[in-house]
Amino acid sequence: MNMLFMLICIATSLQSYCSAWSTFTPSLSLVTRKHSKIKRRRTYAISMKVKVGLVGLPNVGKSTLFNAIAQKSIAEAKNFPFCTIEPNITPIPIPDGNLNKLATLAKSTKALPANIFLVDVAGLVKGASRGEGLGNKFLATIRECDIIVHVVRTYIDEDVVHVDGKVEPIADAEVVNLELLLADLAHVQRRLEKTCTGEEREVLEKIEKALEDGMPARSIGLTSDEKFTVKSMGLLTLKPVIYAFNIDEIDFCLNREETLQLAETYMNKIQYCDLVKDTFMVVSAKLEADLSSLEEDERIEYMENIGFEIDSDDIEQLLSYHSLPLLVKDVLDLSLVYTGPGVPLEKSQTTKTHIMSSSSMSAISLSGKLHGDIQKGFMNAEVIKAEDLIQYDNYNGAKDDGCIRMEGKDYILEDDDVVLIKWK
């Protein structure tokens, strides 16, 4: 009897378990479908949050430049190493001459620009790849960024201490580059010691050899598929680099041509640099931070007082808050597309710029980014170039003239497309 009773209990338990599992299975399938959907979307890079990491030795002007680009004082900038401990991050709009014009045409009450996100981290020192200074925290933060802005100090100022006692732009840049390379090498070797097979192992072995030869991972010509295979590792030397040579205000204003030539000379001599993929700009962090606190007419007066006669539009073109986002857009091959024009005002009063990797987002993917219901009911997309639409007083005028074309769900969006999704 006891044995029979136990068998009945076990059977009852199994029946309950199976019933519970059958109830749970649809939810599990839903999770799996959702996961698959997310994975497919990643190939289109539809929701981009582009992070730009400022790196460099301590006291080279990273936090000052961060504040200048942000156009407000966020990061603490002091004359001692490791002034920045926790990373600072702020959105920076990409300059866009089309957005406000499109918003006016659409009678929108809001115009939302595309942003990149600027990240200011602690200064890097020799031994950072082994955890010296704030190395571990620094490296973990930078691994999450899409592109590196390497700030290199070139100005001499006895009141601003140098971590090694002497300003040497080429040597200083090489310290940072070597630490990034050594950090990647250790990261790759740790991964290879674990269970790592197939294409991932082949790619990592290729990268390991390059790093041991003193070559950054971005220099060995990895294919898009190979990069995707190791994307989760956040390899530092796989990220594109913009060198920002931080100069004094006189060189920035009065000796620009000479300074640009000198910066190019530095680039050609810096070790662990990729002269094909890397680029550079000149900045004057202190000058730009000072200008950011002034009104437009005060900026012109300030520049004239140091002997630099220039109008306000030209000043803006030179300053990092304008030039850096555009350079990041160019280096990462990003595109801007717009939504808002053509949408009835009772449904939306917002014109918005979306950022994406060039030739990576389809019309159906954009509709999913806007709203799940729009994606489900997708019928077609009306598309026109921003500059073509701006020539008209309204969206319907462009449509009546046949300047707006109809595209299907698989249409790959292009830079400066204005898109209206039709859905039911």
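How many bridges join strand 10 to strand 12, and do these strands run parallel or antiparallel? Seven bridges join them, and the two strands run antiparallel. This is a predicted model, in which local features need pLDDT of at least 70 and side-chain atom pairs count only at pLDDT 80 or more, while totals for chains, interfaces and linings use all residues. Residues are numbered from 1 along each chain as its sequence is written, and side-chain values use heavy atoms, with hydrogens and water left out.

**Strands 10 and 12**

- Strand 10 covers residues 378-385, and strand 12 covers residues 417-423. Helices (H or I, at least four residues) and strands (E, at least two) are DSSP runs, numbered from the N terminus.
- Two strands count as paired if DSSP finds at least two bridges between them.
- Look for Ile-384 if you want a landmark: Val-418 in strand 12 stands opposite this residue.
- Strand 12 is mostly covered, with five of its seven residues buried. Buried means under 20% relative accessible area, exposed means over 50%, and partly exposed is in between (1.4 Å probe, protein chains only).

- Six strands make an open sheet in the order 2-4-1-5-6-7, and the pairing is mixed.
- Strand 2 (88-93) and strand 7 (279-283) are at the edges; each has a single partner strand, so one side of each has no neighbour in the sheet.
- On average, neighbouring strands of this sheet are turned by 25° against each other, direction ignored. For such angles, axes are lines fitted to C-alpha atoms (for helices over the stretch in contact), and values run from 0 to 180 degrees between N-to-C directions.
- Strands 6 and 7 run parallel and are joined by five bridges. Within that pairing, Ile-242 has Thr-279 in strand 7 as its bridge partner.
- Strands of a sheet pair through backbone hydrogen bonds, either parallel or antiparallel.
- Helix 13 (residues 320-331) lies across strand 1 (51-55), strand 2, strand 4 (115-120), strand 5 (147-153), strand 6 and strand 7, and runs at about 175° to strand 7. Contact here means heavy atoms within 4.5 Å.

**Salt bridges**

- The count comes to 14 salt bridges. The rule asks for a side-chain nitrogen of Lys or Arg within 4 Å of a carboxyl oxygen of Asp or Glu.
- Arg-201 pairs up with Glu-205, with the closest N and O atoms 3.6 Å apart. Both sit in helix 6 (residues 198-212), four residues apart, about one turn of the helix.
- Arg-201 is partly exposed at 25% relative accessibility, and Glu-205 is partly exposed too, with a relative accessible area of 39%.
- Lys-206 and Glu-226 also form a salt bridge, 2.9 Å from N to O. That pair links distant parts of the chain, as Lys-206 is in helix 6 and Glu-226 is in helix 7 (residues 224-229), 20 residues apart.
- Lys-206 is partly exposed, with a relative accessible area of 38%, whereas Glu-226 is buried, at 15%.
- Arg-405 and Glu-407 form another salt bridge, with their closest N and O atoms 2.7 Å apart. Arg-405 is partly exposed, with a relative accessible area of 33%.
- Salt bridges also link Lys-385, Glu-414 and Asp-417 into a network.

**Aromatic rings**

- There are three aromatic pairs in the structure. The rings of Tyr-243 and Phe-245 have centres 6.3 Å apart and planes at 15°, so this pair is stacked.
- Rings of Phe, Tyr and Trp (its six-membered ring) pair if their centres lie within 6.5 Å; planes under 30 degrees apart are stacked, over 60 edge-to-face, and the rest tilted.
- Tyr-243 is buried at 0% relative accessibility, and Phe-245 is buried with a relative accessible area of 1%.
- Phe-245 also pairs with Tyr-266: their centres are 5.5 Å apart and their planes at 40°, so this pair is tilted.
- Ring pairs join Tyr-243, Phe-245, Tyr-266 and Phe-280 into a cluster.

**Charges over rings**

- Lys-49 sits over the face of Phe-117, 4.7 Å from the ring centre. The cut-offs are NZ of Lys or CZ of Arg within 6 Å of the ring centre and within 35 degrees of the ring normal.
- Arg-256 lies over the face of Phe-252, at 4.8 Å from the ring centre.
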